[in-house]
Amino acid sequence: MTIGVLALQGDVREHLNALTDSGAQARPVRRTEELDAVDALVIPGGESTTMSNLAVSFGLLDPIRKRIADGMPVYGSCAGMIMLATTVLDGRADQESFAGIEMTVRRNAFGRQVDSFEAPVAIDGIAGGDFHAVFIRAPWVEEIGPAARALGRVTAGPAAGRIVAVQQGNLLATAFHPELTGDLRVHRHFVQMVSSAADDR
Ligand code: GLN
C-alpha cells in the first residue's frame, strides 16, 4: 500500500514524514504516471489557487477527479481541504477543485488579521482527547451535503462550534495541519481508511 502526496506546492515533506511515521509507504506525486502508481493521495496545505493552477498545468486535475470517482482514498489538509470541496467561497473566480466532498468551504475564514492560531478540536472516532490544532490562514466549513459527515469541531475559543474536519466515504479533510504538530492520530486514521478501502476491493 503506497500513499502519494501531491507535490505541486505546499508542505509536502511534512506529510511524507507523518505518513512514514504512521507506518505507510509514502512518495511524492507530480506526474500522472506517479498518480497511477499510488493507492491513495494526500493533498497538503499550501495555497489553493496556486495548487489549482499547477494541477491544471501538470495535467493532474481530471486524472485526480477520476481516481476520486473510482474510490481512491484522499486526505486534504487546509489548502487540501479547499481542493476537495465542491464549493469554495472567497476563492478566485477561476479556481478549480477536485470537488470530491459535498461541502462549502470559506477560504481564510477565521479572519485575515489572524494569520495563524491554535485551538482545541474534537474528532469523532479518534480517541485520545482534543487535538491541539494549528490553523494557518485556514478555511472553515460552512455547509455539508447529505453524503458528508462533520467529523471535527473547534471546542473552545472564538471559533467554537466551527466544523473543521469532514469525511465522506473514502475522503477526509481537515482545516488544520496535523502534519506540523507531531500528533499522528489523523494520519493514522487515514492510513486505516486506506487499508479498509484496500480490503473492500
Ligand atoms: N489560505 C490558503 C488557501 O486559500 C490555505 C492555507 C493553508 O493551506 N495553510 O489556499
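# A tour from the ligand to the core

Start by selecting Ile136, which has 18 C-beta neighbours inside 10 Å and so counts as partly exposed; being buried would take 20 or more. Keep in mind that you are looking at a predicted model. Ile136 sits in strand E8, residues 131-136.

**Stop 1: the ligand**

Now click on the ligand and show what lies around it. Its surroundings are Gly45, Gly46, Glu47, Ser48, Cys78, Ala79, Ile82, Arg107, Asn108, Ile136 and Arg137. Colour that shell by class and you get 4 nonpolar, 4 polar and 3 charged residues.

Next, compare with the record. An unreviewed UniProt entry gives "binding site" at Gly46, Glu47, Ser48, Arg107, Ile136 and Arg137. These positions span 92 residues of sequence, yet they cluster in space, with a largest C-alpha distance of 12.7 Å.

Pick Arg107 from that set. You'll find Arg107 in the loop between strand E6 (101-106) and strand E7 (116-123). Is Arg107 buried or exposed? Arg107 has 22 C-beta neighbours inside 10 Å, so it counts as buried. Skipping residues up to four places away in sequence, Arg107 touches Ser48, Ile82, Val88, Leu89, Asp90, Gly91 and Pro139.

**Stop 2: the "active site" trio**

Select Cys78, His177 and Glu179, which the unreviewed UniProt entry lists under "active site". They are spread over 102 residues of sequence but cluster in space: the largest C-alpha distance is 10.8 Å.

Zoom in on His177, in the loop between strand E12 (171-174) and helix H6 (185-200). His177 counts as buried because it has 24 C-beta neighbours inside 10 Å. Leaving out neighbours within four places in sequence, its contacts are Gly45, Ser77, Cys78, Val134 and Ile136. Ile136, where you started, is one of them.

Glu179 is also in the loop between E12 and H6. With 28 C-beta neighbours inside 10 Å, Glu179 counts as buried. What does Glu179 touch, not counting residues up to four places away in sequence? The list is Asp11, Glu14, His15, Ala18 and Ser77. Follow His15 to the next stop.

**Stop 3: helix H1**

His15 lies in helix H1 and has 29 C-beta neighbours inside 10 Å, so it counts as buried. Besides Glu179, His15 touches Val5, Val42 and Pro44, if you ignore residues up to four places away in sequence.

Now select the buried residues of H1 (residues 12-21): Val12, His15, Leu16, Ala18 and Leu19. Look down the axis: they cover an arc of only 165°, which means they are on the same side of H1. After H1 comes Gly23, with a positive phi near 95°.

**Stop 4: the nonpolar core**

Finish with the largest nonpolar core, which has 67 residues. Those touching the most other members are Leu41, Val74, Leu84, Val121, Trp140, Val164 and Val166. Helix H5 (residues 79-84) gives the most to this core, with 5 residues. In soluble globular proteins, nonpolar side chains tend to be buried together.

Apart from neighbours within four places in sequence, Val121 is in contact with Asp130, Phe131, Ala133, Gly152, Arg153, Val154, Thr155, Val164, Ala165 and Phe176.

How values were computed. Residues are numbered from 1 along each chain as its sequence is written. This is a predicted model: local features need pLDDT of at least 70, side-chain atom pairs count only at pLDDT 80 or more; totals for chains, interfaces and linings use all residues. A residue is near a molecule or strand if its C-beta atom, placed from the backbone, lies within 6 Å of it. Ala, Val, Leu, Ile, Met, Phe, Trp, Tyr, Cys and Pro count as nonpolar, Asp, Glu, Lys and Arg as charged, and the others, Gly among them, as polar. UniProt positions are given in the numbering used here, feature names are shortened, and annotations may be inferred rather than shown by experiment. Helices (H or I, at least four residues) and strands (E, at least two) are DSSP runs, numbered from the N terminus. A residue is buried if 20 or more other C-beta atoms lie within 10 Å of its own, exposed if 12 or fewer, and partly exposed in between; C-beta atoms are placed from the backbone. Two residues are in contact if their C-beta atoms, placed from the backbone, lie within 7 Å. A nonpolar core is a set of buried Ala, Val, Leu, Ile, Met, Phe, Trp, Tyr and Cys residues joined through C-beta atoms within 7 Å. The arc is that of the directions from the helix axis to the C-beta atoms.
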